[in-house]
Amino acid sequence: MEFGRENEIEDMSMSSPSMGFEKIRGSTEFGHNKEFMSQAYLRNRYAEIDIQEEVADSSFNQNRPLPVFLKFEDVEYKVRNKQSNSNIPMKTIVSKVATQLTIEEGRYKKILKGITGSIGPGEILALMGPSGSGKTTLLRVIGGRLLNNVKGTITYNDVPYTPAVKRRIGFVAQEDVLFPELTVEETLVFSAFLRLPTSMSKQQKYAKVDDTIKELGLERCRHTKIAGGFLKGISGGERKRTSIGYEILVDPSLLLLDEPTSGLDSTSANKLLLTLQGLAKAGRTIITTIHQPSSRIFHMFDKLLLISEGYPIYYGKARESLEYFSSLRFVPAIPMNPAEFMIDLATGQVNDMTVPTDIFDDQESVNSSKVVIEYLQHKYKAILEPKEKQENHGVANTPEHLQLAIQVKKEWTLSWLDQFMILSRRTFKARSKDYFDKLRLLQALGVALLLGLLWWKSSTNTEAQLRDQVGLVFYICIFWTSSCIFGAVYVFPFEKVYLIKERKADMYKLSVYYACSTLCDMVAHVFYPTIFMVILYFMAGFKRTVACFVLTLLTILLIAITSQGAGEMFGAAVMSIKRSGVAASLILMLFLLTGGYYVQHIPMFMRWLKYLSFMYYGFRLLLKVQYSGDQLYDCESKGGCRNLQSSPSFATVNLKGGLKEVWILLAMALSFRILAYLFLRKRIDVRN
């Protein structure tokens, strides 16, 4: 019986509402009334859904989101003050109980100071206030992005935040975090294949993407690259709508947007709000922060929460806000945008409005802005907050089956292998421009030709000629070690923002991302050294046998792959573009000096460093592959022919030794990648 009950709940969470819902919602003005739906109405609506789904020919419907009623009461949030005790006098520290409380308060700074509100499906709540008032912080707290140091109560269908609730929430950050090399359609397709449930076929997922593109008005730019920066691509409004589409593909019940109109002109901003209105009508609950919208956009909001210095000074219907402040005798003296009027009140700037003069009677010496803000905060506490708590926060009034449905985890996670196949295609697509860059190819060809001409048909007939050729071998080690380290060290710092965003949405496992990243990057780390060696090997006069060429090439590729792992490890450990480059430069210099060419006889107390250098093992391996200890040279000298092992160039290398360097390099390549993954796991913290 319990198993059947769980299946029933799961069906409710994924079912689509009937068309009659829109008509009923419109007739009852749902989205503007202050009471939630009756339980009887919701039960009837879901009964109708079940009948429709049984009759449907196809299992695929445009699933509408599960209705979510959000309530937040007395929400507070504080952050640790960096200057915790440094500014507290010594005599304060020495004091007893009162001082301990003062010290504890001094360690933290309150950002949110008791905010209450509620919102249901079909509504758009605007969080307004001046910069630094706490709008984005409240949005992140509601979205579960901030969990520590939070006080108060936040419920979703009268259920506290859980991992199951997390998958019902879509979060659109202020900065559009999208891969620039992908088109709009490719961005949404990869998101759909990673996030939509496995029960949907490929055709259904493509259809979902197509419907989303049409719903957001992105048909014109669907095949245009995202680009950005110095690269021409889609417009700012189209980028924002693509970011929204990225989230609504999985039909989130609660959609949170941080400054979605930032950087857009008034026409683009208006189109974006019209899009949000359409999304809300589909049954979503939408909350957006906005700084100072136009008057036309202001009237599109259903509810408004005005915040000043972390305190609320208004919460209610947006269209009733001017009436409320007029009742407090705050009236614009000139025609004014309502949003501009609200921001002036939130900052205490009352120059172009009439105000109740009695609030300044006993406050001559106090800042007038502070007096206005405190007055508005006091009125909110006395008038609006008790009314909101009484109507929507008194008792649990969300239907029981909606409470149960939101606790069912919305599954879309694929198997590890499926995630790997999808993510590897996206990774290769997003980085293909770097893999097959013309300048990178020109560099490999140019350096190979230059070295081939400088060492044209070099030989080992004399000691001097042998020394020159050994120098070329060491330079090849340096060139591909540095190229591969610097080619890999910046990968994770550059993609950190994408990785954090997608990991917060549980799109894939971190191990899948790392495996795709390192394997796809190996394409470039194998392709360019191969071209390089094909050109240089025969120009420089190395040993002309197939076996020797293949072994030399494999050794170079092993050095390149090991260097790639080292670069990934340094990048993941530091996770900063500037610091990663500095760290890679220092390590490369250390490997260079201990590689066994410049200094062959390292002092005993420094000798341990060379065993950490994979360049040391790579250089020795190349010498063993290319030269034989029994090979004769310098036959025209007075002493007659000598074997290569007797040359000073091989004083510290046993050319007849085994190939233990191969196993050491393989072990290093594997160890670097394990450490890189562990560092990446530590640095990418999505637990909040």
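Student: Which strand does β3 join, and how many bridges are there?
Tutor: In this predicted model, strand β3 (residues 124-128) runs parallel to β8, and four bridges join them. Within this pairing, A126 stands opposite L304 in β8.

Student: What about β9, parallel or antiparallel to β8?
Tutor: Strand β9 (residues 311-317) pairs with β8 in the antiparallel sense, over six bridges. The hairpin of β8 and β9 has two residues between the strands, and E309 takes a positive phi near 55°.

Student: Why is β8 described as largely enclosed?
Tutor: Six of the six residues of β8 (residues 303-308) are buried, so the strand is largely enclosed by the rest of the structure. Both faces are covered: K303, L305 and I307 lie on one side, and L304, L306 and S308 on the other.

Student: Changing topic, how many aromatic pairs are there?
Tutor: A search of the whole structure finds 29 aromatic pairs. One of them is Y314 with F325, a tilted pair at 5.8 Å centre to centre, with 45° between the planes. This pair links Y314 in strand β9 to F325 in helix α13 (residues 321-327), eleven residues apart.

Student: Is that F325 buried or exposed?
Tutor: F325 is buried, with a relative accessible area of 0%. Y314 also counts as buried, at 3% relative accessibility.

Student: And why do W416 and F420 count as stacked?
Tutor: Their ring centres are 5.7 Å apart and their planes are at 10°, so the pair is stacked. W416 and F420 are four residues apart in helix α17 (residues 416-435), which separates them by about one helical turn. W416 is partly exposed at 37%, whereas F420 counts as buried at 17%.

Key: Residues numbered from 1 in each chain as written. Predicted model: local features only at pLDDT ≥ 70, side-chain atom pairs only at ≥ 80, totals over all residues. Heavy atoms only, no water. Buried < 20%, exposed > 50% of the residue type's maximum accessible area, 1.4 Å probe, protein only. Pairing = 2+ DSSP bridges. Phe/Tyr/Trp six-rings, centres within 6.5 Å; stacked < 30°, edge-to-face > 60°.
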